Amino acid sequence: MDWLSIINLALGELISPLTAVYVLAALGLAVHFGFTGLLNFGQAAFAAVGAYGMAIAILTLKLPLFGAVAFGIAAVVVFALILGIPTLRLRADYLAIVTIAASEIFRYFMTTIGFSDVTGGSSGLSAFNKEFESLNPFPDGVYGFGPFTFREEQLWIRVVGWSLVAVAAVFLWLLMRSPWGRVLRGIREDEDAVRSLGKNVFAYKLQALVIGGVLAGIGGMVFSFSLANVQPQSWGTTFTFMIWTVLLLGGAATIMGPIIGSMIFFVLLMLTQSIIGGLVEIGWLPFLTPPQVGQIRFLLIGLVLMLLVIFRPQGIFGNKKELQFNG
Amino acid sequence: MANEIAVGAAAPGCKKVDPILVADNVTRQFGGLTAVNVEHLEIPRGQITALIGPNGAGKTTLFNLLTGFDKPNTGTWTFEGKNLAGISSYKVARRGMVRTFQLTKALSLLTVIENMRLGAKDQPGESFWRSLIKPLWSGYEAKITEKADELLKRFKLDAKREDYAAALSGGQRKLLEMARALMSDPKLVMLDEPMAGVNPALTQSLLEHIKGLKANGTTVLFVEHDMHMVRHISDWVIVMAEGKVVAEGPPAQVMKDQAVIDAYLGAHADTDLGLVEIKSLKAGN
């Protein structure tokens, strides 16, 4: 095994665009679950709506890039309102069922042939990336050092993705230290009590659902720009549950949690992939074939998630007293 | 005493000299069971009113209806002359009618002081856009924190200021919930069993707090099973049984009322049931 390349690959994951995508979506989920107590099992749908909204706006509506991004965000807001208005009056578990169903409905809807001239059907959409790449301020060349060596377009998507992470983190920090954030935490603990103190609980929950959804939608757009395509199969329930893993790993009611959680998650994913792959190659794990390596690491992730929830439910950064499981 | 509060003689549903809350024809059915069926009820302003009755009499359901936490089948009610029927619970609280719960709802994973701050009303930082800019709300925050500290001191919770509410004892949580309700300067406080689970040492201070509320001009309505407390601090007592108001009046008078004794002890309280059975057996034979 080539340890240097394994370590380089793993370190590269620290600031990969995909890591930033997961940070954004997990920050959104932190708003939903960690701060407000909303059980959202459809975070993939919020990301997908943002990604599709942006791509369809560029390809079909011929909007310029920033117009398309705004359109994608507006689409997420509408999606959140459609989900939230009928369900947020109900108990938390109903929202969980509705969100997971809605995310599957959206994905199948995007896959159908009926609308494939707009949605691209099962092959998805591509060729919406021109304007994004034309905005790249970095001249052609190779930048960085060691594991962090990038071509200009790789650098550009990382700069965009992580700048958005920074903006989102500051934005959430401002929100959560404020009395507004306090009302959300109150709702997480007991919404009737908060209602009895004269707060419009429904409006706060709707605001939280929209904000967390928009963050996921922006994540979905970064994802699309980094891969230069939008495909329905990217937004299955796997995406949602990996976001949950990231969130619980870092700490649900924190802002640093999703950021560091996502970094650790992807570094571990890459390390297990390379190490198990390497062991299979040199014949130390004769019962595994190379194609099984990709599956076995998800098995390990499932195990890690279980151990985490049992032994450290507050995550790495969470305050043990503040966030026990109460969902 | 009765003359100061009620117009005319004390009777179920009687008119009050200065009512703060007036309810008419409020009914609530759960399937075939009529939990609440109140024809007319007035709560006197500036007094401490106790709402008593056996388990299942509909006291808490009436609380829920009046505060918008449950919807009645029929009925209207006004608070300070303004209609309150069909108004959502958070708006009821904003109008100055704040309640506590029978099963205490302290926000466990917020600190005691954060619980208190949450009780304040009109905090501009609770609106989304303004919350982002601290100078817009930090001044008001300091003001409500000062008020919260005062209340915590009064309720002897100041030592627990930075603790999570989850770390408080059951009785302390009751105190916290009550103190939190007072943060918004309510006109009417509705306490659902404030004494349940509170140890006797705390009871005395809780009674003092409730009397203190009256001294500050707040109207108090509370549900309680502890007759000692009812007799001690209430100015007026309303008795419910099977969803209806069966008696009301000053405490000394109500305690002697036959309807109350029937409701609490059963209609055959002074009949020897064994004797009844033997007699009827003989008669039947």
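**Exercise 1. Find which residues Ala45(A) is in contact with, leaving aside its neighbours within four places in sequence, and decide whether Ala45(A) is buried or exposed.**

Solution. 
- Step 1: Leave out the neighbours within four places in sequence. Ala45(A) is then in contact with Ala102(A), Ser103(A), Phe106(A) and Trp235(A). This is a predicted model.
- Step 2: Ala45(A) belongs to helix α3 of chain A, residues 43–59.
- Step 3: Count neighbours. Ala45(A) has 31 C-beta neighbours inside 10 Å, so it counts as buried. The cut-off for buried is 20 or more.
- Step 4: Look along the chain. Val214(A) is 169 residues from Ala45(A) in sequence, and their C-alpha atoms are separated by 11 Å.

**Exercise 2. Repeat the work for Val142(A): is it buried or exposed?**

Solution. 
- Step 1: Val142(A) is in strand β2 of chain A, residues 142–145.
- Step 2: Count neighbours. Val142(A) has 10 other C-beta atoms within 10 Å, so it is exposed. The cut-off for exposed is 12 or fewer.
- Step 3: List contacts. Beyond four places in sequence, Val142(A) touches Thr149(A) and Arg151(A).
- Step 4: Look along the chain. Val170(A) is 28 residues from Val142(A) in sequence, yet 30 Å from it in space, C-alpha to C-alpha.

**Exercise 3. Describe how α12(A) and α13(A) pack.**

Solution. 
- Step 1: Take the geometry. α12(A) covers residues 237–250 and α13(A) residues 256–281; the angle is about 115° and the axes are 7 Å apart.
- Step 2: Classify the angle. α12(A) is therefore roughly perpendicular to α13(A), as the class runs from 65 to 115 degrees.
- Step 3: Name the residues. α12(A) contributes Thr245(A), Val246(A), Leu247(A), Leu249(A) and Gly250(A). Among their partners in α13(A) are Gly257(A), Pro258(A), Ile260(A) and Phe265(A).
- Step 4: Sort the contact by class. There are 8 nonpolar residues, 5 polar and no charged.

**Exercise 4. Work out where β3(B) sits and which strands it is joined to.**

Solution. 
- Step 1: Check each face. Ile48(B), Ala50(B) and Ile52(B) cover one side, Thr49(B) and Leu51(B) the other, and all are buried.
- Step 2: Find one partner. β8(B), residues 219–223, runs parallel to β3(B) and is joined to it by 4 bridges. Thr49(B) has Leu221(B) as its bridge partner there.
- Step 3: Find another. β9(B), residues 236–241, is also parallel to β3(B), with 4 bridges. Here Leu51(B) is partnered by Ile238(B).

**Exercise 5. In what order do the strands of the open 4-stranded sheet of chain B stand, and why do β2 and β5 each have a side without a neighbour?**

Solution. 
- Step 1: Write the order. It is β2-β1-β4-β5, with antiparallel pairing.
- Step 2: Find the edges. β2 (33–44) and β5 (82–83) of chain B each have a single partner strand, so one side of each lacks a neighbour in the sheet.
- Step 3: Zoom in on one pair. β4(B), residues 74–79, is joined to β5(B) by 2 bridges. Phe79(B) is bridged to Lys82(B) in β5(B).
- Step 4: α2(B), residues 59–66, lies across β1, β2 and β4 of chain B, at about 65° to β2(B).

**Exercise 6. Which helix of chain A gives the most to the side that touches chain B?**

Solution. 
- Step 1: Count the contact. It involves 24 residues of chain A and 29 of chain B.
- Step 2: List the helices. α8, α9, α10 and α11 of chain A each supply at least two residues.
- Step 3: α9(A) gives the most, with 7 residues.
- Step 4: Sort by class. The chain A side has 9 nonpolar, 6 polar and 9 charged residues.

Definitions and conventions. Residues numbered from 1 in each chain as written. Chains lettered and ligands numbered in written order. Predicted model: local features only at pLDDT ≥ 70, side-chain atom pairs only at ≥ 80, totals over all residues. Pairing = 2+ DSSP bridges. Contact = placed C-beta atoms within 7 Å. Axes fitted to C-alpha atoms, helices over the stretch in contact; angles between N-to-C directions. Nonpolar A, V, L, I, M, F, W, Y, C, P; charged D, E, K, R; others polar. Parallel < 35°, antiparallel > 145°, perpendicular 65-115°, else oblique.
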